[in-house]
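Please look through the structure below before reading on.

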Amino acid sequence: MACDAVKTKVEVEETVVDEPVSPTGQYFNSSVLSIGILAIFESDVAIDDSPTMSTLENLLLPIHPRFSSVMVKDGHGVRRWKRVTLKLEDHVNVPVFPAGLEIYDDYIRGYISDIAVEEFPQSRPLWDLHILKYPTKSAAGTMVFRIHHALGDGFSLMSALFSCFRRADDASLPLTFPSSRATKPVHGSGARWRAWRNVPRALSVCMNTVRDFGWSLLKTNYLADDRTPVRSEEAGAEFRPMEISTFTLSLDEVRHIKAKLGGTVNDVISGTIFYGTQLYFQAAAPGSKKARVTALVLLNTRMIASYQSPTDMTRPDATNPWGNNFGFLHVPIPVSGNPDASDPLSFVLKARQIIKAKKSSLAVYLNGRLLETFRKLRGAETAARYIHSTLRNTSMTISNLAGPMEQMLIADHPVGSFYFMTVGSPQSLTVSVVSYMGKVMVAMGTEKGFIDAGLLVSCMENSFRRISEAAAGK
């Protein structure tokens with residue numbers, strides 16, 4: 001192992017410097033933060049790992065130089081990406097579990113929990129692949145891509161992974177993705193109406209920006225969330241074991257609720273999470289009083305609604321270049337009283353109201369400018385500590401991505417389902433949402449020994465059932 005480390009170091013020093021590390025890349029790979037993404041793909045057939053090396057070499061590595069680069073400091077102390085001679089065998093892991101079992105859910109959950117908190121070696125490119133050739137209740141085998149967030153945001157990384165897959169029904173056709181357009185009531189028409197409507201909209205943006213940016217500053221520096229059944233309030237949550245649990249929703253059912261209430265698919269899912277959180281509070285700690293609970297909702301700040309090919313994103317003149325282009329919104333979660341006596345639909349309507357107001361704000365961009373100011377004046381480590389404080393003072397992070405509408409195939413392995421999870425955040429609960437083949441997979445990363453993952457999943461499923469039933473009765 002020591003010899004490999006020395007060899008890697010020599011190769012780094014002899015390779016030409018490629019590009020500076022972006023500010024966000026520096027924040028996410030610092031002494032206080034190491035944020036990664038697990039992308040978990042469940043295969044419908046037993047996994048044959050013989051084409052692994054050729055598939056990675058021919059499909060993944062050519063996508064972007066960062067998959068073959070490490071972070072180093074140049075002679076001026078500036079962190080840069082540097083190409084290295086990559087050894088693929090160092091990045092592929094095929095664990096061996098005890099033989100003789102029919103299903104290996106417990107082993108695979110434990111293995112994923114272990115790699116979720118494992119540090120990325122800085123001496124080699126910041127990604128690896130884990131091939132779990134054992135059946136579970138839902139799959140014949142599992143592939144886990146573990147990728148450091150410094151390489152890019154979810155939009156960039158999922159674009160890269162999706163480019164490695166083909167449509168199972170017809171490999172000559174591209175994967176297609178669902179629309180995320182909101183259902184909007186018709187208010188009027190004509191240029192005069194639109195002009196007058198823009199005046200109050202501009203005032204609303206100004207007011208929302210001042211309120212949201214001020215609230216963000218208070219949350220990061222002074223107003224930490226309360227200790228609740230989903231927030232342990234203890235330091236070091238990012239280093240404690242994480243359990244990842246999932247549940248599945250029907251995309252058609254979600255759209256039916258959206259059609260009844262208006263808004264977006266994300267509003268319905270957010271409302272489900274809000275209501276499910278309240279149900280969990282009452283189940284885990286009966287008699288819970290009103291508490292300060294805040295979610296960080298991650299937003300793609302690119303001016304585009306669909307994925308682009310990695311080739312388009314890596315062009316010098318790309319309008320939506322590869323990298324980390326996202327922001328976060330502080331979204332208060334209403335938690336108080338008896339959830340059984342509450343109207344389930346009110347949580348969806350409240351989620352829509354809150355998120356719509358938050359999106360009508362420039363606070364996301366001001367937060368980005370604030371971090372950049374910290375970096376210029378006091379260095380990237382100071383900005384990273386600010387992000388760490390922002391995460392730690394909130395109760396959960398919610399992120400979502402759109403997956404293909406058709407079944408994916410990689411190296412003749414049809415993917416039955418997939419989900420992703422952000423790891424390395426100093427929180428007890430992380431929620432991720434992805435659509436695939438007419439379903440919505442919700443994954444929850446929970447702190448082991450603190451959150452009852454099974455109970456939380458049950459509450460979320462109950463939340464969606466009640467919301468769906470209430471919408472059907474409208």
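This is a predicted model. Within it, F145 has a relative accessible area of 6%, which is under the 20% cut-off, so F145 counts as buried. F41 has a relative accessible area of 0% and is buried too.

The protein contains 13 helices and 16 strands. Of its 474 residues, 51% count as buried. Among contacts between residues at least 6 apart in sequence, 79% join residues at least 24 apart.

One of the pairs is formed by F41 and F145, with ring centres 6.2 Å apart. Because the planes of these two rings stand at 90°, and an angle over 60 degrees counts as edge-to-face, the pair of F41 and F145 is edge-to-face. F41 belongs to strand β2, residues 36-43, while F145 belongs to strand β7, residues 141-148. The pair therefore ties together parts that are 104 residues apart in sequence.

Another pair joins F418 and Y436. Their ring centres are 5.3 Å apart and their planes meet at 75°, so this pair is edge-to-face. F418 sits in strand β14 (residues 413-423) and Y436 in strand β15 (residues 429-436), so the parts tied together here are 18 residues apart in sequence. Both F418 and Y436 are buried. Through ring pairs, F41, F145, F162, F165, F177, F418 and Y436 are linked into a cluster. A ring can also have a charged side chain over its face: R146 lies over the face of F120, at 3.9 Å from the ring centre.

The largest nonpolar core has 61 residues, and F41 and F67 are the ones that touch the most other members. Strand β14 gives this core its largest share, six residues. Which residues does F67 contact, leaving aside its neighbours within four places in sequence? They are L60, L61, L86, P125, W127, L151, L157, A160 and W322.

How many cavities of 30 Å³ or more does a search of the whole structure find? The search finds four. The largest cavity has a volume of about 170 Å³. Its lining is made up of 17 residues, and T52, T55, L129, M143 and I410 are those nearest its centre. Helix α3 (52-60), strand β6 (127-132) and strand β7 each supply at least two residues of this lining. The largest share of the lining, five residues, comes from α3. Strand β7 thus has a part in the lining of the largest cavity, and F145 of the aromatic pair with F41 lies in this strand.

Technical notes: Residues numbered from 1 in each chain as written. Predicted model: local features only at pLDDT ≥ 70, side-chain atom pairs only at ≥ 80, totals over all residues. Heavy atoms only, no water. Phe/Tyr/Trp six-rings, centres within 6.5 Å; stacked < 30°, edge-to-face > 60°. Helix = DSSP H or I, 4+ residues; strand = E, 2+ residues; numbered from the N terminus. Buried < 20%, exposed > 50% of the residue type's maximum accessible area, 1.4 Å probe, protein only. Lys NZ or Arg CZ within 6 Å of the ring centre and 35° of its normal. Core = buried A, V, L, I, M, F, W, Y, C linked by side-chain atoms within 4.5 Å. Contact = heavy atoms within 4.5 Å. 1 Å grid on protein atoms, 1.4 Å probe; cavity = no way out; pocket = protein on both sides within 12 Å on 5 of 7 lines; lining within 4 Å. Points joined across faces, edges and corners; volume = space filled by probe spheres on them.
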